[in-house]
There are 2 protein chains.
Amino acid sequence: MNAPRRPGDATRAAIIDAALRAFGERGYDGASTRAIAADADTNVASISYHFGGKDGLRTACARHVSDRIAEVTGASAPPPTDPDAARAALAATLRDLCLFVLLRPQAGLIAAFVMREMARPSPALDLIYEGAFEGIHRRLCALWAAATGLDGESEGVRLAVFSLLGQTLYFHLAGPVVRRRMEWTAVTPPEAEAIAATIDRNLQARLDADAEPVA
Amino acid sequence: MNAPRRPGDATRAAIIDAALRAFGERGYDGASTRAIAADADTNVASISYHFGGKDGLRTACARHVSDRIAEVTGASAPPPTDPDAARAALAATLRDLCLFVLLRPQAGLIAAFVMREMARPSPALDLIYEGAFEGIHRRLCALWAAATGLDGESEGVRLAVFSLLGQTLYFHLAGPVVRRRMEWTAVTPPEAEAIAATIDRNLQARLDADAEPVA
DNA sequence: GTCTATAAACAGATAGAC
DNA sequence: GTCTATCTGTTTATAGAC
């Protein structure tokens, strides 16, 4: 699928993969280019050659993250107008995102990288925001509007969507604490399903509350 | 209130304050003891003198964080048994925590520090978990049980409490992205109230759903 | 307790061989 | 494109003056 077309592309990909892990785990400042190069089975100089330096590598990581996110949550069909269909689409999107973040190792790296960027914003965050995050949020807001009849760009709906998206990311970030309290040794499909079920229950309850004002 | 009793205590406190900021912003690996010392208006050597080194400083920060969290969400009255009172106590605790984290600058530093520790667990995280986090979570679970009639130590309730706690922390962590999408220039009391209101609405809706199975 | 000076290891960037 | 060697600055830790 993504076979390297030109020599050097494989090295680029390996460096980005290693950098994503390093930046996510240790933060940008704490990650060393030497360790990244070693993890990618290459030398330090190749980072400067391929990306112009450490900062260029961060930008390349952001671009990669943006592409991957857009790919997973890619704009599929136009948002349904039927409330029940919109609610189902909302639940499915959130569930997919949750399972993806919790179970795919590469998704974990991406989530950690994004968290780090949020905690200490750099121009790379703008790239991710504009390239992927804003689009997803807007689409979920539109679904929320279709499901409840509320204005999708109202403050309340935008915040509600954030609160649901946030739960997904939180369960990944707080993994160590959650696992300890839940007495889980790891998050495997059964545990991820339990988390997805909790988030879905929160979603359904909130949608019921938002759609209720018929009374 | 916390007047330094012995000389050196003021320096210790200043170093911990600066370290909390540095570790939270740049991560443990990325923070330099020199920058911390400069921020605390002292010299590098005093960190080794007072804390035995960089790692001892992290432990001291964790202890400080643990104490502060326990102080704010300190065990007050015994949990009420009346469902409505329990629900009110739950809502009040969550609201206080949310406003505290979003508005108090020092709370922001603590939240960032904890997030970093979660993303890359160290023995310092155990200290925070055992010293503060577990107690708060257990207490909220007990309140949830009293409010809904469910078993407070069931998997569902424990995860539900995590999902609500997570929203509070998420809105702090994801501040830059949230502010951009909400077109907020900063999170001041009005914005924090809007966030607290969203979380409260999620809580009430979920409690309604959990308490419903009377049908 | 506080500080300066210094040691030893490490960082990122780059020149140049191949 | 890939790599080694090296330059320059910074890191943590520590020895010792005051």
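Author: What follows starts with the contact between the chains and then turns to the DNA strands.

This is a predicted model, in which local features need pLDDT of at least 70, side-chain atom pairs count only at pLDDT 80 or more, and totals for chains, interfaces and linings use all residues. Residues are numbered from 1 along each chain as its sequence is written, chains are lettered from A and ligands numbered from 1 in the order in which they are written, and side-chain values use heavy atoms, with hydrogens and water left out.

Begin with one chain. Chain A has 10 helices and zero strands. The C-alpha trace of chain A spans about 65 × 40 × 35 Å along its principal axes. Within chain A, A:Asp39 forms a salt bridge with A:Arg21, with the closest N and O atoms 3.7 Å apart. This pair links distant parts of the chain: A:Asp39 sits in helix H2 and A:Arg21 in helix H1 (residues 9-30), 18 residues apart. A salt bridge is a side-chain nitrogen of Lys or Arg within 4 Å of a carboxyl oxygen of Asp or Glu. Over all chains, the structure holds 32 salt bridges.

Now the contact itself. The size of an interface is often given as the accessible area lost when the parts come together. Between chain B and chain A, about 5000 Å² is buried. Carbon and sulfur atoms give 59% of that area. Buried area is the accessible area (1.4 Å probe) that two parts lose on being put together, summed over both. Chain B puts 50 residues into the contact, and chain A puts in 50 residues. Contact means heavy atoms within 4.5 Å.

Next, the polar side of the interface. There are 12 salt bridges between chain B and chain A. One of the salt bridges pairs A:Arg26 with B:Asp29, where the closest N and O atoms are 3.5 Å apart. Polar contacts join 25 residue pairs between chain B and chain A, both residues at pLDDT 80 or more. A polar contact is a pair of N or O atoms within 3.5 Å; within protein, one must be able to donate a hydrogen and the other to accept it, and residues adjacent in sequence count only if both atoms are side-chain atoms.

Which elements of chain B are involved? H8(B) gives the most, with 13 residues. By class, this side of chain B has 25 nonpolar, nine polar and 16 charged residues. Ala, Val, Leu, Ile, Met, Phe, Trp, Tyr, Cys and Pro count as nonpolar, Asp, Glu, Lys and Arg as charged, and the others, Gly among them, as polar.

Then the symmetry. A rotation of 180° with 0.0 Å of shift along its axis superposes chain B on chain A, at RMSD 0.1 Å. That is the relation of a two-fold axis. The superposition is by least squares on the C-alpha atoms of residues with pLDDT of at least 70 in both copies. Of the residues of chain B, B:Gly30 comes closest to the rotation axis, at 1.9 Å (C-alpha). 100% of the interface residues of chain B are also interface residues in chain A, so the copies meet through the same surface.

Last, the DNA. DNA strand D is surrounded by 17 residues, the closest being A:Thr11, A:Tyr49, A:His50, B:Thr33 and B:Arg34. A residue is near a strand if one of its heavy atoms lies within 4 Å of it. A phosphate oxygen of DNA strand D lies 2.4 Å from an N or O atom in the side chain of A:Tyr49. H3(A) supplies the largest share of the surface near DNA strand D, three residues.

DNA strand C has 17 residues around it, and A:Thr33, A:Arg34, B:Thr11, B:Tyr49 and B:His50 come nearest. Sugar and phosphate account for 55% of the atoms of DNA strand C that come within 4 Å of the protein. For DNA strand C, H3(B) gives the largest share of the nearby surface, three residues.

Definitions and conventions:
Helix = DSSP H or I, 4+ residues; strand = E, 2+ residues; numbered from the N terminus.
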